Amino acid sequence: MWSRLREVFARELVVLVDPTHALHARRRKQLTASVATVFTLGMAAAMGVAPSTAYDDPDAPRVLESMRLPDLRDQLDQLTDTSATYVRQERMQRGDTIAALLKRLGVDDPDAQEFIRKNSTARGLFKLEPGQTVQAEIDQSNLLVSLQANLGGDVSSSRELVIERVGDVTNPRFKARVQTVDNELHYQMGSGVIGPGGFFKAMDAANVPDDVVEQMISIFSGVIDFHHDIVKGDRFRIVYESGYRDGAFVRNGRVVAIELINRGQLHQALWYSANGSNGAYYTFDGRSMKRPFLRSPVEFSRMSSGFGLRNHPLHHEWSQHKGVDFAAPTGTKVFATGDGEVQFLGRQNGYGNIIVLRHHNGYSTYYAHLSRFATIKQGQQVSQGQLIGYVGSTGWATGPHLHYEFRHNDVPQNPLSITLMESPALTGRARQQFLSYSGELMSRINALRTYNVASNGN
Ligand SMILES: [Zn+2]
């Protein structure tokens, strides 16, 4: 309960400190209004209490002032007003039926229930997942006046189901519609240290959701090989967007900023979209995070993390057989590390099922021992990160792993050296704009940091 309250406070503070937030102006007004109320009440109390000595002294100056008491007539009227309605909100629970949900909402209305069962739009209520919220407005006889349910959506907007009573009590009729409404965007923050349990354990401990973890891996895929580079003691801090509707979580959005200290080296990435162009991730000093080649051709997942730690790709291993082995379970996804063309796809003696990609500037990459290929053909263009096949142990392989080669003008290179390829940085006016944007965002995140520490209690 208290942690929920803290969460709400932290969220509200974020809205208040962020002048660009959609709700900022409204919350400020509300805050000012409640402060004004406190002042008014305080003044009334001050006027009502006079020092008792004043009454004892007949010559003391008398000031007669009327006390301002709240006018309660409206409230009294409402208590007896039969048209007053009540609003209640509930969450869908696992194994819930519509009847059970309506009962929890305080709705006792067979006509409404019948309508929800039969109307195709209203039946959207049956597709709600556990945790989704439903709001009902009922009258004094527990009859349904209106009902709202969030049917999900993307991070910035929600689809909302609205059911309303349109007929009167003697002739109850209902209408259902689905409307698109804007979500409130919040920044969420997570931070932690990689412990002995590994990367995913640390993400779970910091409550970073899986879809956000996936983004994090992808953002750093040009500079970090999560299979081999991440070590105990590495630290991370991540800020991402979440969409809320009426205070209820709808969906996570994009990672806005992220810091990762890997083996003592600081990596930072920031989402930036220059003048309405397609956005991309940049380092804090304005270098693009996109590199010509990924650091690892093998999907890093819960399944493949921690698999085959013995096969650490050491330099001598590379020099012995001109490639790097990535141990991973059979079926693990294999990605094209760079944009290119499928030069060869088929079976070769020791390599088993192999794909060769040809890239720009004389570079080529080899992916061997595959269990099977993705739906790609020889001669086809593939893009960086595209699924091309699956890990296996075809050819001369003692266990499931990917044998990966990286060649320049057909001469094998150490794939671990490809981080040396720097990407171009923003220059001139674009760089100035980026720096002012990143500076502002960073100061907002620094403010967030304080609240986050307070709300996590650690
Ligand atoms: Zn190998």
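E90 forms a salt bridge with R104, and the closest N and O atoms of the two residues are 3.2 Å apart; a salt bridge here is a side-chain nitrogen of Lys or Arg within 4 Å of a carboxyl oxygen of Asp or Glu. Because E90 lies in strand β1 (residues 86-91) and R104 in helix α5 (residues 98-104), the pair ties together parts that are 14 residues apart in sequence. Helices (H or I, at least four residues) and strands (E, at least two) are DSSP runs, numbered from the N terminus.

This is a predicted model, in which local features need pLDDT of at least 70 and side-chain atom pairs count only at pLDDT 80 or more, while totals for chains, interfaces and linings use all residues. Residues are numbered from 1 along each chain as its sequence is written, and side-chain values use heavy atoms, with hydrogens and water left out.

## The network around R104

R104 also forms a salt bridge with D96, where the closest N and O atoms are 2.7 Å apart, and E90, D96 and R104 are linked in a network of salt bridges. D96 is buried, with a relative accessible area of 17%, whereas R104 counts as partly exposed at 21% relative accessibility. In these terms, buried means under 20% relative accessible area, exposed means over 50%, and partly exposed lies in between (1.4 Å probe, protein chains only).

## A salt bridge within one helix

By the rule given above, the count comes to 14 salt bridges, and another of them joins E114 to R117, with the closest N and O atoms 3.2 Å apart. These two residues are three residues apart in helix α6 (residues 110-118), so E114 and R117 are separated by about one helical turn. E114 counts as partly exposed at 31% relative accessibility, and R117 is partly exposed as well, with a relative accessible area of 46%.

Strand β1, which holds E90, pairs with strand β2 (residues 133-138) in the antiparallel sense over six bridges; two strands pair if DSSP finds at least two bridges between them. In β2, the bridge partner of V87 is E137.

Strand β2 is in turn joined by five bridges to strand β3 (residues 144-153), and these two run antiparallel, with Q148 in β3 as the bridge partner of Q135. β2 and β3 form a hairpin with five residues between them, and N142 in the turn has a positive phi of about 65°.

## A separate sheet of three strands

An open sheet of three strands has the order β12-β18-β16, with antiparallel pairing. Its edge strands are β12 (333-335) and β16 (372-373), each of which pairs on one side only. β12 and strand β18 (residues 387-390) pair over three bridges, and K333 stands opposite Y390 in β18.

D225 lies in the loop between α8 (210-219) and β7 (235-245).

What lies 2.9 Å from a polar atom of the side chain of D225? It is the backbone nitrogen of H227. D225 also touches I230, R295, S296 and F326, not counting residues up to four places away in sequence, where touching means that heavy atoms are within 4.5 Å.

Note on methods. A polar contact is a pair of N or O atoms within 3.5 Å; within protein, one must be able to donate a hydrogen and the other to accept it, and residues adjacent in sequence count only if both atoms are side-chain atoms.
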